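Please have the sequence and the model open while reading.

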Amino acid sequence: MSVRMKALAFAFGLMSSVMVAPMAMAAGGEIVIASVQGPPSLDAHVTNAQVARNITLHIYETLYARNENAEPVPDLASGVSVSDDGLTYTFKLREGVKFHNGKEMTSEDVVASIERYRKIGVSPALVAAIDTVSAVSPYEVAIKLKQKQSVFLDNISSPRAPIAIYPAEEAAKGANEVQYIGTGPFKFVEYQPDSHVTLEKYAEYVPNPAYDKRDGLAGKKEVLIDRVVFRFIPEAGARTAALESGAVQIVETVDGPTAERLRGDSKYVVHDVLPFAFQVIKLNHNQAPTDDVNFRKAVQAALDMEEVMEISYAGINQVDGGWVFPTSPFASDAGLDQYNVADFDKAKAFLDQSNYKGEPVTFITDNLRPNVDIATVFQARLEAIGVKVDIVVADWPTTTKVGFSKTGWNFWTHGFGIEPFEGPGTVMSAFVNGNAQIVPDPEIDRIAGEFNATLDEAQKKDLFKQFQLRMLDNVVAIKTGNYGLFQVTNDKVENFVPFRIPRMWGVTLAQ
């Protein structure tokens, strides 16, 4: 299925999920969500794990948040003014917003929270351009930048490792030392490691009056249930069994065959969340033979992306080589004639021009099944052109440690989830200073620097085309395609709309 057709299918899928026949609904009750694993932390500043975001974005809020189209819009702020020189952003705060300890949020809390993030935040690039943060009045905060940054509001609103606003007294504490107190629509109740996290409705929460409906991670956050429990069930079959027994009402994700089986049962609604992420194969430019662009081009030319994506994410993928989602205004066809070539003769021609001497190359991957599948398909394709690939499978922490080292690997595959959601600036930042490919690429660094410095949308689009072309011309990394998730709700859950996290505001339970 083409990207366009699948995008339309996704949109129709979302519409279908909303248009389920209405049932009698009642306020209150408890919803249990089956999560694939537990969060490494509930201190929002110190983790960028998706499993943590699913929970923390119910507890904490940010000055700006991303709407349904991933655009930054006011959340705890009511708006922002920007100085003529583009260096100072003055945020006006909503009045009457209360933390879960009953204290009203003021500029003191915002300043303390941003300063904490500058010290210990796990994504320092989000605040790297900030020079000073100061309180102008109890409800105004001024942030002065060191230089203009076109993506500053994107950064402030990032859900990656969100710049959550804590009470000032909590923001004075170190990493993982805070009490879990935010301004969000749910407040923290308990965390039992290896078991669950329980949140309950914050009765004094006041939805943002600027909005009249749910909108991404912003909008009207009206809570109609009493509690939500995130239960950690790593094994896929156990998650499905819990759903079918009624022990849980929502499953974060199921595999393709299970999704198709449940789709035929009226007791369940399967939500196709596509695209959700990129699948990427990183290449180590510091180690032979992947330090040679002709070898990298040989690999790129050999791969059949339809084969790769359908084996790894059967029934929920898009064969798409663009470095933004196809619905993005930054989407273009720059360099895509080099994507999904699947031409062994062309690959062998590049290989003959390379420094490859027949030595084994190392492909590292964590033990997530789709990633292992990709490594296996990759191994077979390269064997066909005479390249021997050794696959090394380990847990995620071990694989990550090796993958950010200068040696010990040639290829590493995993998903890029939050980057494409946040947009072109974040996608590019993953390759600045050689972050992903180990060796800096001066052209990538130039393009990203100019992109961040300009506020001209046309110029930004042209620069992103240059970035995408460079990614494919120099094979900085290989994007294999987009993949999605099958989220499943049972027939007790009403008004659930799939998104980046399983949002529990606006959701009700049928009687």
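Ser134 stands opposite Ala142 in β8, and the strands concerned, β7 and β8 (residues 140–145), pair in the antiparallel sense over six bridges. Here two strands count as paired if DSSP finds at least two bridges between them, while helices (H or I, at least four residues) and strands (E, at least two) are DSSP runs, numbered from the N terminus. The model is a predicted one, in which local features need pLDDT of at least 70 and side-chain atom pairs count only at pLDDT 80 or more, whereas totals for chains, interfaces and linings use all residues. Residues are numbered from 1 along each chain as its sequence is written, and side-chain values use heavy atoms, with hydrogens and water left out.

Both strands belong to an open sheet of four strands, in the order β5-β6-β8-β7, with antiparallel pairing. Because β5 (77–82) and β7 (130–137) stand at the edges with a single partner strand each, one side of each is left without a neighbour in the sheet. From one strand to the next the twist averages 20 degrees. Helix α3 (residues 107–120) packs on this sheet and touches β6 (88–93), β7 and β8, and its direction makes about 170 degrees with that of β7. Contact means heavy atoms within 4.5 Å; axes are lines fitted to C-alpha atoms, for helices over the stretch in contact, and angles run from 0 to 180 degrees between N-to-C directions.

| Strand pair | Bridges |
|---|---|
| β9 (residues 186–192) and β10 (residues 196–201) | six bridges |
| β10 and β13 (residues 227–232) | five bridges |

In the pairing of β9 with β10, Phe186 stands opposite Lys201, and the two strands form a hairpin with three residues between them, where Asp194 in the turn has a positive phi of about 65 degrees. Towards β13, His196 stands opposite Arg231.

Which strand gives the largest share of the lining of the largest cavity? That share, three residues, comes from β3 (residues 64–66), and the lining as a whole has 15 residues, of which Leu57, Thr62, Ala65, Asp75 and Leu217 lie nearest the centre of the cavity. A cavity is a set of points, on a 1 Å grid over the protein atoms alone, where a 1.4 Å probe fits but cannot get out, and lining residues have an atom within 4 Å of a point.

Conventions: 1 Å grid on protein atoms, 1.4 Å probe; cavity = no way out; pocket = protein on both sides within 12 Å on 5 of 7 lines; lining within 4 Å.
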